[in-house]
Amino acid sequence: MATDFIPSQVGLTKRENIKPISLVSFSSIVRNIWPGLIGEAKMKRKGNLFDRVCSFENIHLAYLKARKGKRFKKDVLSFSCELEKNLILIKKDLEEQTYKHGRYKEFIVQDSKKRLIRAPLFKDRVVHHALCNIIEPIFEKSFILDSYACRKNKGVHKGIKKLKVFLKDNKDEYCLKCDISKYFDSINQNILLKIIKNKIKDQKVIWFIGEIINSFNQETRIGIPIGNLTSQLFANIYLNELDQFVKHSLKQKKFIRYMDDFLILGNKKELQEIKEDTRSFLERKLHLHFNSKKAEVFPILKGIDFLGYVIFKEYILLRKSTIKRLLKKLKRDLSQEGNQYNAWFSYAKHGNAYFLREKLDVFP
């Protein structure tokens, strides 16, 4: 089946009529906006989603997304040989609620640190895309502007660009920078599902999400696998609770988060208090903990080590450890020389590194 479906045509619904809110009901919402988990605030929950998830058009679109860049891999070719049959089986398993998530293939990737990746079977990757096609736009509307990981039209360089905008304000002299310890391995599945239920009321979709969440660490119900597409979305949903707390409760405008790394600009005394407030919130509400070595308040003049760069008000430097790692990879694997040069160039062009590039003589 070669026809590509148009993503914008999948799962469209008519715009709902917006009813005016009375002053009394609005006040009630304000009073209840932070009662516990941020997700517990009164909000419009979404129903009637399961038919859209299970539609053949959505599952086919999910297949196209899952195979992107991997068309000639063995498992993709095997699935594609009987494409229509396999897509219909997925549709049937979902509609009859008999779908069971498959096993994971585990391997280690080492960049800045070792990471255990758990890759799902291709069939399950298709299923993940089918779910995210429908629920991601719903949650995306509730995410803050300055969360930059695993989102469309965001990313590392847009996060750095926004930080440069924040740094232009000469009022701020200090930065609070924090990292959450073993984030993916620490997410509480019960809390995650509770947050999701506050936005999604379709019980069949909740069952579906539960099947994916329960495919990992059923005994402890702690952690989600690095390697699942859904894990990226779930991780953003989970820490959106922190985003809303910082933005609306602590009223911090100069806040940027990239997955489990975040920073806030301000004055020293205020940031020390914010550090303790966020620590308390994470521990009480989300059962997460700071990495004690990476939670600090420091002067902006020292430069902000963030997302692979060291950012100052007037310029951006490349992180020394990243430079060493890229060069080490190049020396170790000459067969990947072209790819490593491309990686180096893509990284270096975003920093003030002309003389370093000339010194290393990696460009013609």
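Predicted model: local features only at pLDDT ≥ 70, side-chain atom pairs only at ≥ 80, totals over all residues.

Entry 1: I began with S7 and S8, which run antiparallel and are joined by three bridges. For one bridge I looked up isoleucine 304, and its partner in S8 is isoleucine 311.

Then I went for the whole sheet. It is open, has three strands in the order S7-S8-S9, and its pairing is antiparallel. S7 and S9 are the edge strands, each pairing on one side only. Ignoring direction, neighbouring strands here are turned by 30° against each other on average.

Which helix packs on this sheet? I found H7 there, touching S7, S8 and S9, with its direction at about 15° to that of S8.

**Entry 2: H7 itself.** I checked its length next. H7 (residues 156-167) has 12 residues and reaches 17 Å from its first C-alpha to its last, close to the 16 Å expected at 1.5 Å a residue.

Which residues of H7 are buried? My list reads Gly159, Ile160, Lys162, Leu163, Lys164, Phe166 and Leu167. Two lysines are on that list, Lys162 and Lys164.

Then I asked what covers the buried residues of H7. The cover includes S4 and S5 as well as S7 (304-306), S8 (309-311) and S9 (316-318). That sent me on to the sheet that holds S4 and S5.

**Entry 3: the four-stranded sheet.** This one is also written down as open: four strands, order S4-S5-S3-S6, antiparallel pairing. S4 (255-258) and S6 (296-299) stand at the edges with a single partner strand each, so one side of each has no neighbour in the sheet. From one strand to the next, the twist averages 20°.

I picked one pair to look at by residue. S3 (residues 174-179) pairs with S6 in the antiparallel sense over four bridges. Opposite tyrosine 174 I found proline 299, in S6.

Now the helices. H7 lies across S4 and S5 (261-266), and runs at about 165° to S4. H11 packs on the sheet as well, touching S4 and S5, and its direction makes about 170° with that of S4.

**Entry 4: H11 and H9.** How do the two helices cross? The axes of H9 (residues 189-197) and H11 (residues 229-249) come within 10 Å and cross at roughly 80°. An angle of 65 to 115 degrees counts as roughly perpendicular, and H9 and H11 are therefore roughly perpendicular to each other.

For the contact, H9 supplies Ile191, Leu192, Ile195 and Ile196, while H11 supplies Phe234, Ile237, Tyr238 and Glu241. I sorted the residues of this contact by type: seven nonpolar, no polar and one charged.

**Entry 5: the hairpin.** A quick look at S1 and S2. They form a hairpin with three residues between them. S1 (residues 104-110) and S2 (residues 114-120) pair in the antiparallel sense over seven bridges. I checked lysine 105, and its bridge partner in S2 is alanine 119.

Entry 6: Cysteine 150 has phi near 55° and sits in the loop between H6 (122-140) and H7.

I located methionine 259 in the loop between S4 and S5. Methionine 259 is buried, with a relative accessible area of 8%.

Last stop was asparagine 86, placed in H5 (residues 83-95). With a relative accessible area of 17%, asparagine 86 goes down as buried, because the cut-off for that word is under 20%. What does asparagine 86 touch, leaving aside its neighbours within four places in sequence? I found Ser78 and Phe79 in contact with asparagine 86.

Methods
Residues numbered from 1 in each chain as written. Heavy atoms only, no water. Axes fitted to C-alpha atoms, helices over the stretch in contact; angles between N-to-C directions. Parallel < 35°, antiparallel > 145°, perpendicular 65-115°, else oblique. Contact = heavy atoms within 4.5 Å. Nonpolar A, V, L, I, M, F, W, Y, C, P; charged D, E, K, R; others polar. Buried < 20%, exposed > 50% of the residue type's maximum accessible area, 1.4 Å probe, protein only. Pairing = 2+ DSSP bridges. Expected span 1.5 Å × (residues − 1).
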